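Here is a friendly walk through the model on display. Keep the viewer open and follow along from heading to heading.

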Amino acid sequence: MHFLLDGLWQLSPLTDLSIPQADIAFPAKLSSVLPNHLTEQDIDQQEWHLMHDIEVDQSMLELAGVDLVIDGIDRYAEVRVGGIAVFDCDGSQYRYQKNIQPYLNLGKNRIEILLLEPDEDFLIEEETPVCHLGEPVSDSHIVSGIKRTPFLRLVRNVRLQHVVTEQIWHHGGGCELKVDVYYSTLKPGLVSTKIKYEGMTYTIPLDVRSDHVTAIFQVDAPKQAIIEQGSNLALSGSTELYVHLDGYHFTFDVALSETQSISHYPL
């Protein structure tokens with residue numbers, strides 16, 4: 001399940017303390033709730049503090065993991081849970097996620113995001129790796145804000161790490177789509193994954209000793225997508241791949257094309 005952090009976040013200035021506090025809900029730019037005289041450049045050049053409180057019950061603490069997922073934050077930020085810095089966002093990736101369950105307590109918990117000027121070194125040294133899978137951000141001018149609603153991913157037994165597809169085209173026509181679903185087992189249990197593509201479904205039990213499962217789909221009459229020249233962006237003709245794992249349902253767009261080979265998909 002997803003626990004959306006879609007309520008109001010308190011926004012406070014850290015540089016110019018004369019700017020009034022405001023409440024903001026994401027996705028949004030900070031400028032949407034700040035005084036009109038502040039330009040985007042003014043906002044980017046200042047430091048900001050975001051704060052959001054959540055209620056944690058016993059069932060959440062008994063889960064195998066609770067991943068905090070933040071998408072679309074384009075500038076340097078420090079993320080804190082319960083006053084403890086748990087990971088940094090350096091602005092180079094689209095998605096950041098980390099298990100924050102060790103930092104949660106029963107009852108009220110506070111999540112903070114500090115939009116800061118980066119130091120030469122990261123503010124914290126991470127003992128646990130942060131997943132940086134995702135689409136790279138553009139080189140366009142930074143606009144302070146968060147492009148998607150942050151959320152908690154509640155993990156019961158197994159965490160989906162990433163999905164890889166490989167297209168194998170045959171000279172005589174047709175192709176095969178090889179799908180590798182990578183996962184990590186946090187709590188042993190009888191868990192299987194369903195992988196569905198073009199009306200075909202595989203149900204595969206997960207082996208706790210392994211880190212991935214594989215399904216191969218034979219496509220006899222593939223409809224090739226139209227790919228933008230010079231990129232991997234599908235303009236039209238994408239198909240959908242479904243992965244069901246441990247109560248979660250993930251959908252990925254797959255562009256069949258002889259110009260494509262291996263693709264990596266974020267969660």
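## A buried ring and its partner

Phe 217 is buried, with a relative accessible area of 0% (buried means under 20%, exposed over 50% and partly exposed in between, with a 1.4 Å probe and protein chains only). Tyr 202, at 36%, is partly exposed. The two rings have their centres 5.0 Å apart and their planes at 70°, so they form an edge-to-face pair. For rings of Phe, Tyr and Trp (its six-membered ring), pairing asks for centres within 6.5 Å; planes under 30 degrees apart are stacked, those over 60 edge-to-face and the rest tilted. Tyr 202 belongs to strand β16 (residues 200-205) and Phe 217 to strand β17 (residues 212-219), so the contact ties together parts 15 residues apart in sequence.

## How the model was read

This is a predicted model, in which local features need pLDDT of at least 70 and side-chain atom pairs count only at pLDDT 80 or more, while totals for chains, interfaces and linings use all residues. Residues are numbered from 1 along each chain as its sequence is written, and side-chain values use heavy atoms, with hydrogens and water left out.

## The six-stranded sheet

Six strands form an open sheet in the order β3-β2-β5-β10-β7-β8, with antiparallel pairing. At its edges are β3 (22-24) and β8 (84-89), each of which pairs on one side only. On average, neighbouring strands of this sheet are turned by 25° against each other, direction ignored (axes are lines fitted to C-alpha atoms, and angles run from 0 to 180 degrees between N-to-C directions). Strands here are DSSP runs of E with at least two residues, numbered from the N terminus, and two of them pair if DSSP finds at least two bridges between them.

Strand β7 (residues 77-81) runs antiparallel to β8 and is joined to β8 by five bridges. Arg 80 stands opposite Ala 85 in β8. The side chain of Arg 80 also meets Glu 78 in a salt bridge of 2.6 Å, N to O (a side-chain nitrogen of Lys or Arg within 4 Å of a carboxyl oxygen of Asp or Glu). Glu 78 is buried at 7%, whereas Arg 80 is partly exposed at 26%.

Asp 74 counts as buried at 15%, while Lys 147 is partly exposed at 44%.

Asp 207 forms a salt bridge with Arg 209, with the closest N and O atoms 3.1 Å apart. Here Asp 207 is partly exposed at 30% and Arg 209 is exposed at 76%. Elsewhere, Asp 53, Lys 108 and Arg 110 are linked in a network of salt bridges.

The structure holds six aromatic pairs. Ring pairs also link Tyr 248, Phe 250, Phe 252 and Tyr 265 into a cluster. Arg 153 lies over the face of Tyr 248, at 6.0 Å from the ring centre. Likewise, the charged end of Lys 196 sits over the ring of Tyr 242, 6.0 Å from its centre. Such a contact requires NZ of Lys or CZ of Arg within 6 Å of the ring centre and within 35 degrees of the ring normal.

Technical notes
Helices (H or I, at least four residues) and strands (E, at least two) are DSSP runs, numbered from the N terminus.
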